[in-house]
Number of protein chains: 2
Amino acid sequence: MEQDGIALWRQIEQTILGEIEGKRIKPGARLPSEHDLALRFGVNRHTARRALQALSERGVIRIEKGRGSFVESSMVDYRIAPRTRFSENIARVSRTPSGELVRSLELTADPLMAEALNIDIGAPVILLETMGIADGQRISLGAHYFAKSRFAKILHHYSRLGSITKALAKMGVTDYLRKTTRISARMPDKREARLLRQKPTEPVLIVESVNVDPQGRPIEYGVACMSCARTQLIVDF
Amino acid sequence: MEQDGIALWRQIEQTILGEIEGKRIKPGARLPSEHDLALRFGVNRHTARRALQALSERGVIRIEKGRGSFVESSMVDYRIAPRTRFSENIARVSRTPSGELVRSLELTADPLMAEALNIDIGAPVILLETMGIADGQRISLGAHYFAKSRFAKILHHYSRLGSITKALAKMGVTDYLRKTTRISARMPDKREARLLRQKPTEPVLIVESVNVDPQGRPIEYGVACMSCARTQLIVDF
DNA sequence: ACAAATTTGTTCGTATGTATG
DNA sequence: ACATACATACGAACAAATTTG
């Protein structure tokens, strides 16, 4: 049975996952039938089936009764580097990036925002909530906080340009970089799951970052909530 | 009530969270009672209670009936940088690091391992599974894969030294750095939840990395599974 | 319209190793 | 040391959906 401490079906899962991630099986392609996989790995059909089930739970494949198992459109590698920009990030993997404003509102700085933006607690803050989309797939729900004192017109520019980088450029910020990045994960609330079109039983990655201008002054405090079935963070140094 | 699009209790949750993360309320300390918090924020006790409930679900505080709410021992900031080492990482935040071997076994390289370690599929691989502990709290369950051809004696050295960095040094690898890092999240399986002493309903962060020597040759392929209630990843550039 | 073949889904039964108390 | 529960793995059979001839 389990000769080397790792369950057979897990090994099979890993092997197939590797073939999918390495693009040796392409997105949309049909996997061999359960029967064939069982033959190939020399196991019972149940064991092969278990591996497929696990891949399906990961969102890597989709199983259709009577038809077979199919590789889902691949995960987006979201690169985190000092100059991460959403649109560049998505464009690099030859996908069509698009942003959409979910809502925008004004509020007053709570201690977290105040510290990140280096403003007083209670100072006015503008929040832009955006949906990041790649090839029609909803990738991230981002909350972007700006000090109103400096970026009062951010909403105006963003709604015309559809890009935070471009909106900031209009306001004299031609360059900025990532100062801190904190990554965690949790279960989504109902609203997040609905907006990201994902199951509420699947976790989301939370990426918190502060962007500063070349002089080190805080520009933006952002909290992104990413579907972890559709994205994978890649850290570049 | 919800004057600016974000529920009151969420704002209170954020404010208290900020105070906890900023160490203005220290680990182990008792929070003000629900009644006092309600007075402070000018809301009904139920609203304050909702915020506490949310913090408790996040694992940030622990609520004891009839006694009060207490700040859990704080989250560990786990830094990811080119030279990340577990023990240095934990020592920096003045905690006691310790490692523990969960199990070790030999297996043959699946496509994922083979690519990462630059060896043939099916080549012998040594797996060390370790538990990373900080201040008695279980932080991470790490799977470390080494090519047996080069690191046949890794288990021998690790079991005497209790540190992978030191074991590698014994084998001539005095320096190594992180080549790639991929971060994702998922629900833990039962074994992972049990070993990490966490609820199976709480997600785990998955950090996959390849460490290489200064010449760029792969040394170790690692997959760490981290309790995301107790850790937060910080990316440093 | 129908039959046959293929493929996934489900339910029995049996056996074994591992973890827990 | 023992009993119990659980996950793993194999085997056989049949049901349900889909495709093909």
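Q: How do the residues of the surface near DNA strand D divide by class?
A: They comprise five nonpolar, four polar and four charged residues. Here Ala, Val, Leu, Ile, Met, Phe, Trp, Tyr, Cys and Pro count as nonpolar, Asp, Glu, Lys and Arg as charged, and the others, Gly among them, as polar. This is a predicted model, in which local features need pLDDT of at least 70 and side-chain atom pairs count only at pLDDT 80 or more, while totals for chains, interfaces and linings use all residues. Residues are numbered from 1 along each chain as its sequence is written, and chains are lettered from A and ligands numbered from 1 in the order in which they are written.

Q: Which residues come nearest to DNA strand D?
A: Of the 13 residues around DNA strand D, the nearest are A:Leu8, A:Val43, A:Asn44, A:Thr47 and A:Gly66. A residue is near a molecule or strand if its C-beta atom, placed from the backbone, lies within 6 Å of it.

Q: And which elements give two or more residues to that surface near DNA strand D?
A: They are helix H1 (8-21) and helix H3 (45-57) of chain A. Helices (H or I, at least four residues) and strands (E, at least two) are DSSP runs, numbered from the N terminus.

Q: What about DNA strand C: which residues are closest there?
A: Ten residues surround DNA strand C, and A:Ser33, A:Glu34, A:Lys65, A:Gly66 and A:Gly68 are the closest. Helix H2 (34-41) and strand S2 (68-71) of chain A are the elements that give two or more residues to this surface. By class, the surface near DNA strand C has two nonpolar, five polar and three charged residues.

Q: Which strand of chain B is joined to S7(A)?
A: S7(A) is joined by three bridges to strand S10 (residues 231-235) of chain B, and the two run antiparallel. A:Thr181 stands opposite B:Val235 in S10(B). Two strands pair if DSSP finds at least two bridges between them.

Q: What else does S7(A) pair with?
A: S7(A) also pairs with strand S8 (residues 204-212) of chain A, in the antiparallel sense over nine bridges. Within that pair, A:Arg178 faces A:Asn211 in S8(A).

Q: How many bridges join S8(A) to S9(A)?
A: Nine bridges join S8(A) to strand S9 (residues 218-227) of chain A, and these strands run antiparallel. A:Ile206 stands opposite A:Cys225 in S9(A). The two strands form a hairpin with five residues between them, and A:Gly216 in the turn has a positive phi of about 90 degrees.

Q: Now chain B: which residue in the turn between S1(B) and S2(B) has a positive phi?
A: B:Gly66 has a positive phi of about 80 degrees, in a hairpin with three residues between S1(B) and S2(B). Strand S1 (residues 61-64) and strand S2 (residues 68-71) of chain B pair in the antiparallel sense over four bridges. B:Glu64 stands opposite B:Gly68 in S2(B).

Q: Which residue is the bridge partner of B:Leu128?
A: The partner is B:His144 in S6(B). Strand S5 (residues 124-134) and strand S6 (residues 137-147) of chain B pair in the antiparallel sense over ten bridges.
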